[in-house]
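Subject: Structure handover and notes

Dear colleague,

I am passing on the structure that we spoke about, with the sequence alongside. Please have it open while you read the notes that follow.

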Amino acid sequence: MNPFQYGAPVSPDRFYGRVSAIADVKNRIGAISAQCVNIVGLRRSGKSSFLRYIKERPQVFFQDSQQPLIVSLDLQNSKFHDHYGLMEGLRRGIKAQVGTEPWGRSDNIDPYEVEDALLELKEEGYRLIVILDELESIGYRLDKFQDWGADWRSKASAGWFTLVFASRHPLDQIYRNLGATSPFGNIFSTTVLGALEVEAWEKLLRDGFSSCGTDTLNLVNNLAGRLPFYTQMAAALLWQHGDVEVVKREFLFQVHSHWTGIWHELSDLERQALRVAAGKSGSVVTRETRDLLQRYGLLGTDGELFSNEFAEFVRGQR
Ligand SMILES: Nc1ncnc2c1ncn2[C@@H]1O[C@H](COP(=O)(O)OP(=O)(O)OP(=O)(O)O)[C@@H](O)[C@H]1O
Ligand SMILES: [Mg+2]
C-alpha cells in the first residue's frame, strides 16, 4: 500500500513536524489566559491538518486542568454562513462534549441566553476554543459576517471563548481584499505554516520508503522542496512509478493547477519577488514581502525558490 497521501487533511498519527507552529499556538491557546490565533498558510500548506491535530491532540496544547472544550467548524459549509448557523454549530459542538445543551436552539441569537451559558461553562472550569477553518469564506456573505465579527470579537475579548482561525492570508489582508476593515482589531497573533523542518521532512520520507537514500531525498527536494503537500505527492508518485522521468512528468502534470492557483492568489509584489528569485529581472523586493514568502515556504532562507521545478514554473509566468 502506498504510504504517502496527498489531498485530504492528515490524521494526527500521520502528522509530521510543525514544532515551532505548535509551540506558537500552545503559547496562545494554552496560556494562563487564552489568546486568539490566526493560522495562515497558502493552499495545501496543512492548515486543516493542523486544526485537526489541535482538536484530536488537546494534551499537546493544554493541561488537563484547563479543561479544553474544542469546537471546530468549517466555514466552507454554507450552514455556517450566518450568525444563527454559526451559533447552532457551536451549540451542537458544546453539547456533543458536555452532554447537555448549553442553550436552546431557539436562543441561538439571544445574546443574554448565550452569554449566561458561556459564563456558566467558564465557571465550571471549561476553556472554550472555537476553531474556524477556511475563513476566506466570509467573502460569500460579508454583509452578514461583519455583525458576526464584531459580536465574536467582543465575546473573545470578554474571555467567553478563544478563537483559532485558519486562512490562506492574514486576517487583516482578507478583509482589506474584500474592501472592508477587520472587526477583530489586533486580538489575533499570526502563525504561518510553511516548509516542514528538515528532520520531520526526512522522517516522513524514511517512514514511507523502506530504503531511502540521498538520491530519493534529492529527487523529492528538487521537485517539492519541504512543503508537505508537494512532498507527499512526489513521494507517492515515486512509490508508484519508480522511474525518475515518469515521476517528474506526473508530478509536473499534477502540480500545475495548484501552482497556478497559488500564483493567482499572491499579490503583485509577491509575484514580483518570486520572479526576481527565479532569476528574472525586476524591481527591488521589500524585506516584508521576502519575509512573508519565506514564512509561506515559497522562498528558502537564502532567498531561493523552494523547488527547481517551481522556479521553472515562475519563469514561465507572464
Ligand atoms: N504536518 C503534515 N504532515 C504530513 N503531511 C502533511 C502535513 N500537513 C499537510 N500535509 C499534506 O498536505 C496535504 C494537504 O493538507 P491540508 O488539507 O491540511 O492543507 P490545507 O492547508 O488545509 O489545504 P487547503 O488550503 O486546500 O484547505 C495533506 O493531504 C498531506 O498530504
Ligand atoms: Mg483546508
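**The strands and the sheet**

Strand β1 is largely enclosed by the rest of the structure, because 5 of its 5 residues are buried. Here a residue counts as buried if 20 or more other C-beta atoms lie within 10 Å of its own, as exposed if 12 or fewer do, and as partly exposed in between, with C-beta atoms placed from the backbone. Helices (H or I, at least four residues) and strands (E, at least two) are DSSP runs, numbered from the N terminus.

Before going further, please note that this is a predicted model, in which local features need pLDDT of at least 70 and side-chain atom pairs count only at pLDDT 80 or more, while totals for chains, interfaces and linings use all residues. Residues are numbered from 1 along each chain as its sequence is written, and chains are lettered from A and ligands numbered from 1 in the order in which they are written.

To return to β1, the residues C36, N38 and V40 point one way from the strand, whereas V37 and I39 point the other way, and all are buried. In general, side chains in a regular strand alternate between the two faces of the sheet.

The strand β1 belongs to an open sheet of 5 strands, which has the order β2-β3-β4-β1-β5 and parallel pairing. The edges are taken by β2 and β5 (188-192), each of which has a single partner strand, so one side of each is left without a neighbour in the sheet. From one strand to the next, the twist averages 20°, an angle taken between N-to-C directions on a scale from 0 to 180 degrees, with axes that are lines fitted to C-alpha atoms, for helices over the stretch in contact.

Two strands are said to pair if DSSP finds at least two bridges between them. On one side, β1 and β5 pair in the parallel sense over 5 bridges, with F188 of β5 as the bridge partner of C36 and T190 of β5 as the bridge partner of N38. The strands β1 and β4 also run parallel and are joined by 4 bridges, and here the bridge partner of N38 is F165 in β4. Further along, 4 bridges join β3 to β4 in parallel, where I131 stands opposite V164 in β4, and 7 bridges join β2 to β3, again in parallel, with R127 in β3 as the bridge partner of P68.

What covers the two faces of β3? Buried residues are found on both, with R127, I129, I131 and D133 on one side and L128, V130 and L132 on the other, so that 7 of the 7 residues of β3 are buried.

In the loop between β1 and α2 lies S45, which is buried, with 23 other C-beta atoms within 10 Å. Leaving aside residues up to four places away in sequence, S45 touches L193, G194 and L227, where contact means that the C-beta atoms of two residues, placed from the backbone, lie within 7 Å. Although S45 and L227 are 182 residues apart along the chain, their C-alpha atoms are separated by 6.9 Å.

The chain is divided into domain 1 (19-192) and domain 2 (198-315), with bounds that come from an automatic or database domain assignment. The centres of the two domains, taken over C-alpha atoms, are separated by 31 Å, and 7 residues of domain 1 are in contact with 9 residues of domain 2. On the side of domain 1 that touches domain 2, the residues divide into 2 nonpolar, 2 polar and 3 charged; Ala, Val, Leu, Ile, Met, Phe, Trp, Tyr, Cys and Pro count as nonpolar, Asp, Glu, Lys and Arg as charged, and the others, Gly among them, as polar.

Of the 22 residues around ligand 1, G46, S48, S49, P228 and F229 come nearest, a residue being near a molecule or strand if its C-beta atom, placed from the backbone, lies within 6 Å of it. The helices α2 and α10 (228-241) each supply at least two residues of this shell, which by class has 9 nonpolar, 9 polar and 4 charged residues.

With best wishes
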